[in-house]
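These are my notebook entries on a structure that I examined element by element. The sequence and the model are placed below for reference.

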Amino acid sequence: MNIIGLDTLIFGVDDIQACTDCLRDYGLTPVDANEQGGRFEALDGTSIIIRHADNSELPAAIGPGPSLRETVYGVAAIDDLEAIADELGKDREVSRGADGSVHSVDDMGFAIGFQVTVRRPFSAPADLTNAPGSEPQRPLNQPGITLDMPAVPRTLSHVVYFVPDAAKAEAFYAERLGFRTTDTFVGVGPFMRPAGADDHHCLFMIQTPPHMKGCEHFTFHMGSGTEVLLAGRRFEQSGWTSFWGPGRHLFGSNWFWYFNSPLGCHIEYDADMDKHDDEWAARQAPMSADNSQLFLFTSREKWAPGGPPPKQG
């Protein structure tokens, strides 16, 4: 089961226009988007799909709308789809899409799908760093940042679920789909990666009461911490409200900035996530401010000469 990672998240929403504006301002590219919804792609073709919440083709909602209706994973080959269909078909209903995709539900009731991945090669510049003590990465006379520097989502990174039984949910993804647990917040839930990926996680699950079951947030990888800050600032200037960040997590090491959204969950920018293989020994820690964020920034309006100076410590 060579599951590579997330390909698509499908949402049933109440306000197509508001969600379209949000995803476009976030930096995703609309594809066949109209008043009925559409697909919004990152550079590699991974995406968010929105449809009206009452669309009969959507999987059943697991809570009040708007909400996540299906999580679709990409796999390496058709043989992987057959292996997944055979495994899940042992104890639950499995359906097939016209394109050969496999659809079912996990042990928490979340709709899950699998398809030969849509991910495509792309090229985007790296954020080069000049650090004393190391050879410079950026050539002479090349600025590290400019006013018009691009900062757009590159690939779908991870999704976070609220679940009523994190241990049971973890066992399903580990035993039935071959996911690995990379780290755990004790009493809260696991960070997990599929066997075909080396990102620290593409799935994190948080133990909550049953009535809270649903999606907490999703995020796309940006090219760097600088891009997280730049894209987040532009998103904020477009009128979207910051929820948490910017900052940097401890588990995964990824930069983050979370925003409120009309999709029924938070939407995040992230960058520079740790990579792991099967030699990695999973860590455990209590969930706390110190363990969930290594540092956290707060923003302020720009100031310039003639305006109020920043306060001194």
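**Entry 1: Strand pairing**

The model is a predicted one, in which local features need pLDDT of at least 70 and side-chain atom pairs count only at pLDDT 80 or more, while totals for chains, interfaces and linings use all residues. Residues are numbered from 1 along each chain as its sequence is written, and side-chain values use heavy atoms, with hydrogens and water left out.

I then looked up the pairing of strand 5 with strand 8 (residues 111-116), which is parallel and comprises 5 bridges. Within strand 5, T71 is the bridge partner of L9. Strands here are DSSP runs of E with at least two residues, helices are runs of H or I with at least four, and both are numbered from the N terminus. Two strands pair if DSSP finds at least two bridges between them.

Is strand 5 buried or exposed? I found that 9 of the 9 residues of strand 5 (residues 67-75) are buried, so the strand is largely enclosed by the rest of the structure. Buried means under 20% relative accessible area, exposed over 50%, and partly exposed in between (1.4 Å probe, protein chains only).

**Entry 2: The cavity**

I recorded 1 cavity of 30 Å³ or more. The largest cavity has a volume of about 40 Å³. Its lining includes L68, R69, E70 and T71, together with F110, A111 and Y161. Strand 5 gives the most to this lining, with 4 residues. By class, the lining of the largest cavity has 6 nonpolar, 1 polar and 2 charged residues.

On a 1 Å grid over the protein atoms alone, a cavity is a set of points where a 1.4 Å probe fits but cannot get out; a pocket is an open set with protein on both sides within 12 Å along at least five of seven lines; lining residues have an atom within 4 Å of a point. Grid points are joined across faces, edges and corners, and a volume is the space filled by probe spheres set on the points.

I noted a volume of about 520 Å³ for the largest pocket. Of its 29 lining residues, D199, H221, D272, M273 and K275 are the closest to its centre. Strand 1, strand 9 (155-163) and helix 4 (225-237) are the elements that give two or more residues to this lining. The lining of the largest pocket divides into 12 nonpolar, 10 polar and 7 charged residues. Ala, Val, Leu, Ile, Met, Phe, Trp, Tyr, Cys and Pro count as nonpolar, Asp, Glu, Lys and Arg as charged, and the others, Gly among them, as polar.

**Entry 3: Salt bridges**

My search of the whole structure gave 19 salt bridges, each a side-chain nitrogen of Lys or Arg within 4 Å of a carboxyl oxygen of Asp or Glu.

I looked up K275 and found a salt bridge with D198, the closest N and O atoms being 3.1 Å apart. K275 lies in the loop between strand 16 and strand 17 and D198 in the loop between strand 11 and strand 12 (203-207), so the pair ties together parts 77 residues apart in sequence. K275 is exposed at 53% relative accessibility, whereas D198 is partly exposed at 37%.
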